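Good morning, and thank you for making time for this presentation. Please keep the structure in view while I speak.

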Amino acid sequence: MSRLVAVSNRVADPSGGKSSGGLAVGLLAALNQKGGLWFGWGGKTRGGAPSAPKIVKKGKIEYATIDLYESDYDDYYNGYSNICLWPLCHYMLGFFRYERRFKDAYRRVNALFARKLLPLLKDDDVIWVHDYHLIPLAAELRAAGVSQPMGFFLHVPFPNIDVLRTLPGYRDLLRSLTAYDVVGFQTPNDARNFTEGLARENLLQAKLGHDRFRSGGREIVVSAFPIGVDVDGICQAAERALSSATVSRTVKGLADRELILGVDRLDYSKGLPERFRAFEELLARYPDTRRRLVYMQFAPPTRTGVRAYQDIREELEQSAGHINGRFAEPDWVPIRYLNRGFSRNMLMGLMRSAQIGLVTPLRDGMNLVAKEYVAAQDPKSPGVLVLSRLAGAAAELDAAILVNPYDVEGMAEAIQQAANMPSPERRERYQAMIEVLRKNDIDVWRTRFVETLESFQ
Ligand code: ADP
């Protein structure tokens, strides 16, 4: 049996700390099942040359982490990854900014990842690289003589070629993806954007089958592998968490009011200002919702080194204060805005307690919170998911109430519809969604990807 080597910018905290982010949560669940090596940056920078990887074994997973040069970190991580690629992939060009030194640092860090990973590789490994920070890694490894199967999975959306062309050097980036044997995306639409991009740049020589192509003189698989969740694990954790002190105290504190829950990293792509405005619109337009609903939003800050992330934090604090100032009563605060991470178990318990799950990103590769919210529900009395059409999850969860996240009035109407939905309709929508989630859970995601990769051995 082959060994799975997963590579991502960051690895999850081996000591089991809180990880907020779809990649860390999804990959940890996948590796916990199959075991293997997880290679990535350990979160530390240093002035001098990075040393050998630090290796820690925990359960079935061996974690190998490296440090980065202090001088590279900012331009590679904040710069190229999060000021160039992130807004580009999310079609949010207002946040896009390019500098040549960003690209140089990105290349240097990918080359460093390849150099440090190389001595750890074994002949029967299959290598699975994750996300936009590490697109050129396979090309670097191939140049160093690595012939093991290599796959790439993009957790974020893949943009249309006309948008990708905004990026200087986009063609090299596109071509470097063809050094992988398997290139996986969240949705068929993303996979199509990629192959169309290759075709329009004359980088595609032939279509060999449904998802097989010839590019760069090699045969590659390009397909959608929508990431799933551990449905039963979440459902059980959510049920158990209901009796935990924090969750039961929180529910008691609601005093029979209905809970609307939002759980996101604090990121401008998550549509939080629009969501806050939609809640304000709801309270203004439907006075019967006042005192009846409480909106709780979790949003731990991330990427605090990027200016846009500091700005959105300020904007949301002001917006929450404004709405509470406008509508609060002595015994009712409409928005509870919590700016930090929480334990997964507690979040799952709150998801189960929430009558409405509000997931309205302006664009998202998948959005695991949408799937977690559905998985956490009580099948006898499930809550309602209000979901952005622009999240990858909407391709599978079309039984949610789908909204346009830019349409503030439309979202207010959707919340009103959710708050008044009769239980037979809630159960019907839940049944349709939970079936989809079971058919494509985290196990299926990992197995399908790794088996496709192993077919190249
Ligand atoms: P992204 O990868 O862009 O952050 P996803 O919705 O795909 O978005 O994944 C987010 C993951 O992080 C989910 O598993 C979610 O439960 C978790 N998460 C989000 N916010 C928090 C928080 N405040 N505390 C702990 N975990 C969180």
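Two strands are said to pair if DSSP finds at least two bridges between them. Helices (H or I, at least four residues) and strands (E, at least two) are DSSP runs, numbered from the N terminus. What you see is a predicted model, in which local features need pLDDT of at least 70 and side-chain atom pairs count only at pLDDT 80 or more, while totals for chains, interfaces and linings use all residues. Residues are numbered from 1 along each chain as its sequence is written, and side-chain values use heavy atoms, with hydrogens and water left out.

I begin with strand E4. Strand E3 (residues 54-58) runs antiparallel to E4, and 5 bridges join the two. Lys54 has Thr65 in E4 as its bridge partner. E3 and E4 form a hairpin with 2 residues between them, and Gly59 in the turn has a positive phi of about 60°. With strand E2 (residues 36-46), E4 pairs in the parallel sense over 8 bridges; here Gly36 stands opposite Ile61. Is E4 enclosed or open? Of the 9 residues of E4 (residues 61-69), 7 are buried, so the strand is largely enclosed by the rest of the structure. Buried means under 20% relative accessible area, exposed over 50%, and partly exposed in between, with a 1.4 Å probe and protein chains only.

On a 1 Å grid over the protein atoms alone, a pocket is an open set of points with protein on both sides within 12 Å along at least five of seven lines; a cavity is a set where a 1.4 Å probe fits but cannot get out; and lining residues have an atom within 4 Å of a point. Grid points are joined across faces, edges and corners, and a volume is the space filled by probe spheres set on the points. The second largest pocket holds about 280 Å³ of space. Its lining has 17 residues, and Gly42, Lys44, Lys54, Thr65 and Asp67 lie nearest the centre. E2, E3 and E4 each supply at least two residues of this lining, and E4 gives the most, with 4 residues. By type, the lining divides into 9 nonpolar, 3 polar and 5 charged residues. Ala, Val, Leu, Ile, Met, Phe, Trp, Tyr, Cys and Pro count as nonpolar, Asp, Glu, Lys and Arg as charged, and the others, Gly among them, as polar.

The structure holds 3 cavities of 30 Å³ or more. The largest cavity has about 80 Å³ of space. Of its 13 lining residues, Ile135, Phe158, Leu164, Leu173 and Leu177 are the closest to the centre. Helices H2 and H6 (170-176) are the elements that give two or more residues to this lining. The lining residues divide into 13 nonpolar, no polar and no charged.

Rings of Phe, Tyr and Trp (its six-membered ring) pair if their centres lie within 6.5 Å; planes under 30 degrees apart count as stacked, over 60 as edge-to-face and the rest as tilted. How are the rings of Tyr73 and Tyr77 arranged? Their centres are 5.5 Å apart and their planes at 15°, so the pair is stacked. Both residues lie in H2 (residues 70-89), 4 residues apart, about one turn of the helix.
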